[in-house]
Amino acid sequence: MSDWFFTLSHWYGDDGIVPLLLQHMAYSAVALAIAVTVAFPVGCYTGHTGKGEALLIGITNALRSLPSFGLIILLVILLAGYFESDMAFVLPCIIVLVVLALPPVALGVHAGIRSVDPNVHDAAKGIGLTPLQVLMQVELPCAIPLIISGIRSAALQIVSTATIAAYVSLGGLGRLIIDGRAANDFAQMTAGAVLVALLALVIDVFFSLSEKFVVSPGLSRRTKNP
Amino acid sequence: MTIKKRYLTLFSAAMLSVASSVWAADAGQKVIIGSADFPENQLLATIYAGALEAQNIQVEKKLNIGSREVYIPALLDGSINVIPEYSGALLSYLDAKNQAHSSEEVAAALVTKLPEKVKMLNTSTAQNSDVLAVTKKTADKYKLKTIDDLKPIAGQLVLGGPAEWKTRHEGVSGLREVYGLNFKTFKVLDVAGPLTLTALKNNQIQVADLTSTTPEIKKDHLVALDDPKHLFAAQNIVPIVAVSTLNPTIESTLNKISAQLTTEDLIAMNEQLAEFTSIDDVAQQWLTKHGLSK
């Protein structure tokens, strides 16, 4: 199988690793950005006010149970009539990935804000901050570890599931898996699977490193002076 | 549970499993019927299974295996014993350069090219060949009747088909070599299924690989282009059976099915499947109609 990686056409050709990898990351990045844009305000609202927690949990559970594979095919068949170009395939793919990512992000933000010490919240109100200032200046910075963990989980799920884009004729690393299976080319299929796993690993490491730079030192007890 | 009871339970369970495995071995050899990953082939395998069960042969179905590149090795290594095949496509898989194209030529060539471990039974007159199809609008716009007519405009058109067309001779490379067609791009969808049909009707692809028994060709007024250079050879339905499993009952039953199966049957049954009748029901109806069920 390592021979497969040493053939140059497999890297830069039509279905080469480099173009497929870039497409894969593009679909994932767009889906993650949309999911965070939608879920972040929702999580902030339910976390800060405490209202709607049951509704949020109910909706996220329902979204989690949707089968991505079935959903993407259903959306392609429903939406193909409205688009003449590749959008008929790209839009369902992005929708499915966004739906997949909404629960972890929303719950991460919600849990993060809810987990802020009530004393801290009280102190902030005590010094006269408005509710919005409390949210932006106190609760969100304290909640960042859980928020990042939510986004990290969403990113991993998106990267792994973006392989289904290949089933509806798009690119991405799933292309190697599906074409390899149809042509009975195990080397190609395994290479695709290994690459997806490696990409997920790299994204995971990236997020865990980013925590170091984004989380306030006081929260993670990294300050030397107490 | 007391110790005594526990040992007694374990002992009787062990005895039962030994007894049942001995009993199952005595019940005779099991025939494993496989199929490709599209409904028509699953239907044919179910029909074979039903007819063999009616002859009191024990059958196990392993449907929806995958493309030919996956299930033929499975047939050769004993994972499955019977597969309903299409003569021309199988011949192309075994011998890509073969020039046979009529039903008789293909059948004769296939007999010589099949490996020793498997045998082909009688071919049926029922055929289901690959066709290149376009919408009526595209056909009228470019005056398309045969695949040759695509040559001047192929560069502007998108072709859609299954993933195996990327590497198969009866696919992208064959269209390029035999007809000189270089399409703008090739989109991987499914085997003449809902994704390909939706994409063709909504113009994400302009030319699609369909099968001649796809009911939507008639229903949606699609145009199946003629194949004058015979890239897609005759595709008669033929059962391929592992020699180790073959016996006179299996041979005569499957030959009876092949003799009574027609292309019109396939089209009608595919229409029923498209309306969500279950594969088992459709197969049972056909078997009962032809007196081959229990």
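## Basis

The model is predicted: local features need pLDDT of at least 70, side-chain atom pairs count only at pLDDT 80 or more, and totals for chains, interfaces and linings use all residues. Residues are numbered from 1 along each chain as its sequence is written, and chains are lettered from A and ligands numbered from 1 in the order in which they are written.

## Chain B overall

Chain B holds 12 helices and 10 strands (DSSP runs numbered from the N terminus: helices H or I of at least four residues, strands E of at least two). Its C-alpha trace spans about 85 × 45 × 35 Å along the principal axes.

Of its 294 residues, 42% count as buried (20 or more other C-beta atoms within 10 Å of the residue's own, with C-beta atoms placed from the backbone). Among contacts in chain B with a separation of 6 or more, 75% join residues 24 or more positions apart (a contact has C-beta atoms, placed from the backbone, within 7 Å).

## A sheet in chain B

Five strands of chain B form an open sheet with mixed pairing, in the order 7-6-8-5-9 (strands pair if DSSP finds at least two bridges between them). Strand 7 (185-188) and strand 9 (223-224) of chain B are the edges, each pairing on one side only.

Strand 6 (residues 158-161) of chain B runs parallel to strand 7 of chain B, with 4 bridges. B:Leu159 has B:Phe186 in strand 7 as its bridge partner.

## The A–B contact

Chain A contributes 15 residues to the contact and chain B contributes 19. On the chain A side, helix 5 (68-79) and helix 9 (174-182) each supply at least two residues; helix 9 of chain A gives the most, with 4 residues.

Note on methods. Contact = placed C-beta atoms within 7 Å. Buried ≥ 20, exposed ≤ 12 C-beta atoms within 10 Å, placed from the backbone.
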